[in-house]
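Keep the structure open beside the text.

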Amino acid sequence: MTNTILNPGHFENNNSFTLFTLKSLILMYSMDENQNNEEQNQQKPEKEPETNFQEPIIVPIVHKYRLPIEPKINPTLAAVIGLIGGFILYQLFGSLLLILVLGFDFQNAPPNSLRLIQMAGQLLFILLPALILTKVIYENVTFIIRAHPVDFKLLSFFILGMLILIPLMQNYLYIQNVFIERLAEKSAAIKSIKDALDGLNTLLEDQYSKIIVAKNALEVLLVVFVVSVIPALCEETMFRGFIQRSFEFTMTPFKAALLTAIFFALNHFNPYGLLPLIALGLFFGYAAYKSNSIVVPMVLHFMNNFIAVVMYLAFGSEELVDTKTMTNAELGFASLSFIVLLTLFGLVVYLIRRYNSNKLII
């Protein structure tokens, strides 16, 4: 029979083999670990050497006002200075210039002398102060008065709007004057106010007629230059340039344009044309803002004055429609014309907004 008792020497041999096997496995695992670590280290990008350099922190510039320029004084105060200064300079010093050159009998002065003095007054007491104030208060004259190139397609939209706005305002004047006439017939107080306004209006028309009446082609050119070109250049630089831009620092563009338009209308001393002048001034301000070019309101201002000169030279000071004798049927036609023209004007404004919707205006 075979002994089943295990030989102790066999156990020792087996234990040695087992230990050898374990050591081999551990060694292989360690080699695999080292190889994996080497592969991972090869795959990892080398660390950039540490430095003390820190990326600069970009701090956004916060402007105190709505526009990215810091004026030297409060911009609303600057606008008020422009309004009061321009008014005093032009009205007071312009009158003094008239008296110094022509004497007190300027009612009988030669028309060309009156035209040249008016032109000098606009240049010296409106345009020049506007440019000086802009330079002193803001420094950046180009930005403030919007001395930028013209988008001619956008300009064509504004010209179309102007061609509609002029007869639109004329129809409004017909309707307004009819109601004033009828109210004056029923109220003594309104009639007294109307008589005072008529006296002021007559005085203004007499002064206007002395400048605008021309005897030959050369005088016509001078009239166009003095009445149409010079006011468009000077008044738009002051009102839509310096004054409106100053208001835009602290209020919305619409409010700035409307407030400027009101002062623009008051500056013309035309009692019956106050609301149409506000409408014109507002459209000029809208044109300046949307086009970002002072040239556009200058062109529109020139158009308005030029058409007025042509109409005056063609028909004189007489109204095309006598509002004192206007019948209800004629009043109805004027009202219908007003509504149609107002609708067309609104359409043009819509086209301007749509064309200009993707542009950044500053």
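**A walk through the helices**

Start with helix α2, residues 75–102. At 1.5 Å a residue, its 28 residues should span 40 Å, and its end C-alpha atoms are 38 Å apart, which agrees. The expected span of a helix is 1.5 Å times one less than its number of residues. Helices here are DSSP runs of H or I of at least four residues, strands are runs of E of at least two, and both are numbered from the N terminus.

A word on the source: this is a predicted model, where local features need pLDDT of at least 70 and side-chain atom pairs count only at pLDDT 80 or more, while totals for chains, interfaces and linings use all residues. Residues are numbered from 1 along each chain as its sequence is written, and side-chain values use heavy atoms, with hydrogens and water left out.

Stay with α2. At its start, a side-chain oxygen of Asn74 reaches to within 2.9 Å of the backbone nitrogen of Thr76. Just after the helix, Gly103 takes a positive phi of about 80 degrees. Pro75, Ala78, Ala79, Gly82, Leu83, Gly86, Tyr90, Gly94 and Leu98 of α2 are buried. Buried means under 20% relative accessible area, exposed means over 50%, and partly exposed lies in between (1.4 Å probe, protein chains only). These buried residues of α2 pack against α3 (111–137), α7 and α8. Contact means heavy atoms within 4.5 Å.

Now step back to the whole chain. It has eleven helices and zero strands. Buried residues make up 36% of its 362 residues. Take the contacts between residues at least 6 apart in sequence: 80% of them join residues at least 24 apart.

Where do the nonpolar residues gather? The largest nonpolar core has 56 residues, and Tyr138, Phe158, Met162, Leu165, Phe242, Ile243 and Leu300 touch the most other members. Helix α5 gives the largest share of this core, ten residues. Another core lies apart from it, with eleven residues, among them Leu98, Leu114, Ile117 and Val227. A nonpolar core is a set of buried Ala, Val, Leu, Ile, Met, Phe, Trp, Tyr and Cys residues joined through side-chain atoms within 4.5 Å. Look at Tyr138 in particular. Leaving aside neighbours within four places in sequence, its contacts are Ile69, Pro71, Pro75, Ala78, Leu133, Ile144, Phe242, Ser246 and Phe249.

Are they buried or exposed? Glu236 is buried, with a relative accessible area of 0%. Arg240 counts as buried because its relative accessibility is 0%. Glu248 counts as buried at 4%.

What does Arg240 reach? A polar contact of 2.8 Å joins its side chain to that of Glu236. Its side chain also reaches the backbone oxygen of Gly281, at 3.5 Å. A polar contact is a pair of N or O atoms within 3.5 Å; within protein, one must be able to donate a hydrogen and the other to accept it, and residues adjacent in sequence count only if both atoms are side-chain atoms. Beyond four places in sequence, Arg240 touches residues including Arg146, Phe264, Phe284, Ile294 and Pro297. Glu236, counted in the same way, touches residues including Phe264, Phe284, Ile294, Pro297 and His301.

Glu248 looks elsewhere along the chain. Its C-alpha atom is separated by 7.1 Å from that of Arg66, 182 residues apart along the chain. Leaving aside neighbours within four places, Glu248 is in contact with Arg66, Leu67, Arg146, Pro253, Ala256 and Tyr289.

Move on to α10, residues 295–315. Its 21 residues should span 30 Å, and its end C-alpha atoms are 30 Å apart, which agrees. Its buried residues include Pro297, Met298, Leu300 and His301. What covers them includes α5 (152–186), α6 (188–212), α7 (217–248), α8 (253–266) and α9 (274–291). Just after α10, Gly316 takes a positive phi of about 75 degrees.

Finish at the second largest pocket. About 370 Å³ of space lies in it. It is lined by 18 residues, of which Phe254, Ala279, Leu282, Phe283 and Phe345 lie nearest its centre. The elements giving two or more residues to this lining are α5, α8, α9 and α11 (328–355). Helix α9 gives the most, seven residues. A pocket is found on a 1 Å grid over the protein atoms alone: it is an open set of points with protein on both sides within 12 Å along at least five of seven lines, where a 1.4 Å probe fits, and lining residues have an atom within 4 Å of a point. Grid points are joined across faces, edges and corners, and a volume is the space filled by probe spheres set on the points.
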